[in-house]
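User: I am new to this structure. Could you walk me through how to read it?

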Amino acid sequence: MSETSNNIDGLVSSATDGISDNYDQAQVTEIVEKQIARLGVALEDGLLTCHVSDGIILQANRGASRLIEDRLVGRDIASVLGFSDALSLIQAAVESNITQEFMHNYKGTVDRQFRIRLTRLDEERVAVLVMDMTLQRNLDKVRRDFVANVSHELRSPLTSLAGFIETLLVSDIQDESTTKRFLNIMDEEAQRMSRLIDDLLSLSRVEVEEHIAPTEEIPLLKVIGAAIAAFESRGERRGIRLQLEDLRKDKSQSPMILGETDEIIEVFHNLLENSIKYGFENSIVQVRLSATDDKWGVVEVINQGDGIAEKHIPRLTERFYRVDKARSRQMGGTGLGLAIVKHIISRHRGKLDIVSEVGKETNFTVSFPLL
Ligand code: ATP
Ligand code: MG
């Protein structure tokens, strides 16, 4: 927490220097309050005023509703922010007449990081400025993770590549088939590095914007249909048929969600790719769409395969987690697919459920709030 001696009384008196000659004190206060309220409307940040004794919110601007929630007036600031020390900090700000500033991890529909500044307005009221630092926090995290992941994960394919290049350069290999074999391995490693970079960039992009809800209206069924069409030939190569079923009771309307088309497509590409990769040859992958009464669009991607043991299921969406590392690697996997899926679904305020058992079918269920 930091403190700065920034006195609102001083600010108000200098702001009213020009008008105080012509108006009495009550009128000056009213004018200033109106100006502050007007400023609050224009402000992207949240601006609230609270009662000092109990932390009850007296005023809240649009920024506060956007960052926290609607209808804040009349509720107490500590429970609204989920921050039990709020009241004592407010009282400290008023007693000391020194602006109090601190960081707070807010747990709402989306987790955000706030920088909160408390400034005394008068004996009874405090101004609470809520600045959203989530983007900066995400950028810092993504940058740190990206650097760590790149340096760690690229090291082994790079070492392998350098080893083969050195062998080809220094030893005089006459045998054409050996040279070809080396070049094939090198090609695979280079492709792997390129996929890794692409997937890490995708993951970074969605992680940075995870707190910003997308706004495009998307026809869910159409997007799923397009994703299936894109993977049909891939399935055929393993004798796998992709089958789409619309199980909605009322099919008169197209199910719409708020989203970003490219990201929704990426979710289904990843799930379909996995169901084809890890499904049995000559089996069926079912994609089922249904809608719940409380307006969720539910998409299940079901494949027949070896299944997944219970202990792995909670970890599948961790970056680089693979049940069988060697098998996934041999299939060209980076272990980032489901991590990307998880972040995209979270950005869309959706849900991901995974149900599987060894020897049973595997079901990945994605749910999105319908419009
Ligand atoms: P990538 O998607 O980056 O190419 P990947 O498929 O190995 O690589 P994820 O999509 O994140 O990575 O999946 C993580 C792991 O979850 C996989 O390695 C696999 O072990 C398991 N998995 C995912 N989908 C299925 C499925 N349908 N059936 C069985 N196992 C699965
Ligand atoms: Mg995958």
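User: Which of the 19 residues around ligand 1 come nearest?

Analyst: First, a caution: this is a predicted model. Begin with the residues around the ligand. Asn 274, Asn 303, Ser 328, Thr 334 and Leu 338 come nearest to ligand 1.

User: Which polar backbone atoms lie close to an oxygen atom of ligand 1, such as that of Gly 335?

Analyst: A polar contact is a pair of N or O atoms within 3.5 Å. For Gly 335, a polar backbone atom is 3.0 Å from an oxygen atom of ligand 1. For Leu 336, the distance from such a backbone atom to a ligand oxygen is 3.1 Å. Val 323 has a backbone N or O atom 3.1 Å from an oxygen atom of ligand 1. The protein covers 95% of the 600 Å² of accessible area that ligand 1 has on its own.

User: Where does ligand 1 sit?

Analyst: Ligand 1 sits in the second largest pocket.

User: How many aromatic pairs does a search of the whole structure find?

Analyst: The search finds three. One of them joins Tyr 106 and Phe 114. Planes under 30 degrees apart count as stacked. Here the angle is 25 degrees, so the pair is stacked, at 5.1 Å centre to centre.

User: Are Tyr 106 and Phe 114 buried or exposed?

Analyst: Both are buried.

User: What sits over the ring of Trp 296?

Analyst: The charged end of Lys 351, 4.0 Å from the ring centre.

Note on methods
Residues are numbered from 1 along each chain as its sequence is written. Chains are lettered from A and ligands numbered from 1 in the order in which they are written. This is a predicted model: local features need pLDDT of at least 70, side-chain atom pairs count only at pLDDT 80 or more; totals for chains, interfaces and linings use all residues. Side-chain values use heavy atoms; hydrogens and water are left out. Rings of Phe, Tyr and Trp (its six-membered ring) pair if their centres lie within 6.5 Å; planes under 30 degrees apart count as stacked, over 60 as edge-to-face and the rest as tilted. Buried means under 20% relative accessible area, exposed over 50%, partly exposed in between (1.4 Å probe, protein chains only). A charge sits over a ring if NZ of Lys or CZ of Arg is within 6 Å of the ring centre and within 35 degrees of the ring normal. A residue is near a molecule or strand if one of its heavy atoms lies within 4 Å of it. A polar contact is a pair of N or O atoms within 3.5 Å; within protein, one must be able to donate a hydrogen and the other to accept it, and residues adjacent in sequence count only if both atoms are side-chain atoms. Accessible areas come from the Shrake-Rupley method with a 1.4 Å probe; for residues, only the protein chains shown count as cover. On a 1 Å grid over the protein atoms alone, a cavity is a set of points where a 1.4 Å probe fits but cannot get out, and a pocket is an open set with protein on both sides within 12 Å along at least five of seven lines; lining residues have an atom within 4 Å of a point. A molecule sits in a cavity or pocket if more than half of its atoms lie within 2 Å of its grid points.
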